[in-house]
Amino acid sequence: MMLKYLLFASFLVLLVGTTVNSQVAGPTPTVGGKDETVTPGSKEEAVLKREAERREAYTKLDPDLVAKLLADDYLTPTPEHPSGFSDKKAALEAVIKHRDAKDPYPIRAMRSDSTKVKIYGTIAVVTGISTIEMEFTDRNPPTMATARFLYMNVWHLEGKRWMLVRASRERIR
């Protein structure tokens with residue numbers, strides 16, 4: 001039942017209004033695609049806090065922080081994975097591999113713009129544009145590169161904590 005609800009929520013958000021503005025707006029998030037202020041103590045504010053924790057965890061390449069964000073049934077599309085999806089274990093292994101690489105490409109900054117939050121009971125769908133700045137330390141001199149992605153994250157309220165159950169992104173060229 002939960003999977004059907006997740007799929008329906010994801011489809012509905014994609015169909016009705018997750019189009020992300022092609023122009024980068026300020027960091028002010030919106031609720032349900034409307035230009036409303038996120039109220040303190042709201043579900044939207046809690047989800048946005050978890051989104052900020054996610055960016056911090058990946059910037060720091062901290063597998064313990066990442067593990068606290070991902071639900072046990074977490075999945076994300078990954079072309080490199082044999083099944084086409086990466087689960088929680090694979091996501092944590094990727095963070096550790098990246099962190100421990102001889103020449104890692106540290107993420108220097110990660111921010112989200114045009115963020116939209118839509119709550120469906122215990123499901124939250126977040127869309128936006130993610131900008132990631134990485135440093136290529138294996139080059140002489142080290143160089144910076146920026147990548148931008150359209151993303152959609154699906155969170156589920158488990159007890160009192162929002163957990164990331166699905167994540168998807170598409171690179172903007």
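The legends below describe close-up views of a predicted model.

**Figure 1. Overall layout of the chain, with 4 helices and 7 strands.** Read from the N terminus, the elements follow the order α-β-α-α-β-β-α-β-β-β-β. The chain has 173 residues, and 40% of them are buried. Of the contacts between residues at least 6 apart in sequence, 56% join residues at least 24 apart. The accessible surface amounts to about 10,300 Å², and carbon and sulfur atoms account for 57% of that area.

Figure 2. A polar contact of 2.7 Å connects the side chains of glutamate 51 and tryptophan 155. When neighbours within four places in sequence are set aside, the residues in contact with glutamate 51 are Val126, Tyr151, Asn153 and Trp155.

**Figure 3. Leucine 65 in helix α3.** Helix α3 spans residues 63–69. Leucine 65 is partly exposed because its relative accessible area, 29%, falls between the limits of 20% and 50%. Apart from neighbours within four places in sequence, leucine 65 is in contact with Ala57 and Lys60. The C-alpha atoms of leucine 65 and arginine 54 are 7.9 Å apart, with a separation of 11 residues in sequence.

**Figure 4. Salt bridge between glutamate 56 and lysine 60.** The two side chains meet at 2.7 Å, N to O. Both residues belong to helix α2 and are 4 residues apart, about one turn of the helix. An α-helix has 3.6 residues a turn, so residues three or four places apart point the same way. Glutamate 56 is partly exposed, with a relative accessible area of 38%. Lysine 60 is exposed, at 52%. Lysine 60 is also one of the residues in contact with leucine 65.

**Figure 5. Salt bridge between aspartate 72 and lysine 88.** The N to O distance between the side chains is 3.4 Å. This pair links distant parts of the chain, with aspartate 72 in strand β2 and lysine 88 in helix α4, 16 residues apart. Aspartate 72 has a relative accessible area of 71% and is exposed. Lysine 88, by contrast, counts as buried because its relative accessibility of 17% is under the 20% limit.

**Figure 6. Helix α4, residues 88–100.** Helix α4 has 13 residues, which at 1.5 Å a residue should span 18 Å. The C-alpha atoms at its ends are 18 Å apart, in agreement with that expectation. The buried residues of α4 are Lys88, Ala90, Ala91, Leu92 and Val95. These buried residues pack against α2, α3, β2 (70–77) and β3 (85–87). At the start of the helix, a side-chain oxygen of aspartate 87 comes within 3.3 Å of the backbone nitrogen of lysine 89.

**Figure 7. Nonpolar cores, with Val47 and Trp155 in the largest.** The largest nonpolar core contains 20 residues, and Val47 and Trp155 have the most contacts inside it. Two or more residues of this core come from each of α2, α3, β2, α4, β4 (107–120), β5 (123–136), β6 (143–158) and β7 (161–172). A second, separate core has 8 residues, among them Tyr120, Val125, Met152 and Met163. Not counting residues up to four places away in sequence, valine 47 touches Ile119, Ala124, Val126, Trp155 and Trp162.

**Figure 8. Salt-bridge network of Arg111, Asp113 and Glu133.** The whole structure holds 7 salt bridges. In this view, the side chains of aspartate 113 and arginine 111 meet at 3.3 Å, N to O. Aspartate 113 is buried, with a relative accessible area of 6%, whereas arginine 111 counts as partly exposed at 41%. Glu133 is linked with both residues in the network.

Methods. Residues are numbered from 1 along each chain as its sequence is written. This is a predicted model: local features need pLDDT of at least 70, side-chain atom pairs count only at pLDDT 80 or more; totals for chains, interfaces and linings use all residues. Side-chain values use heavy atoms; hydrogens and water are left out. A polar contact is a pair of N or O atoms within 3.5 Å; within protein, one must be able to donate a hydrogen and the other to accept it, and residues adjacent in sequence count only if both atoms are side-chain atoms. Contact means heavy atoms within 4.5 Å. Buried means under 20% relative accessible area, exposed over 50%, partly exposed in between (1.4 Å probe, protein chains only). Accessible areas come from the Shrake-Rupley method with a 1.4 Å probe; for residues, only the protein chains shown count as cover. The expected span of a helix is 1.5 Å times one less than its number of residues. A nonpolar core is a set of buried Ala, Val, Leu, Ile, Met, Phe, Trp, Tyr and Cys residues joined through side-chain atoms within 4.5 Å. A salt bridge is a side-chain nitrogen of Lys or Arg within 4 Å of a carboxyl oxygen of Asp or Glu.
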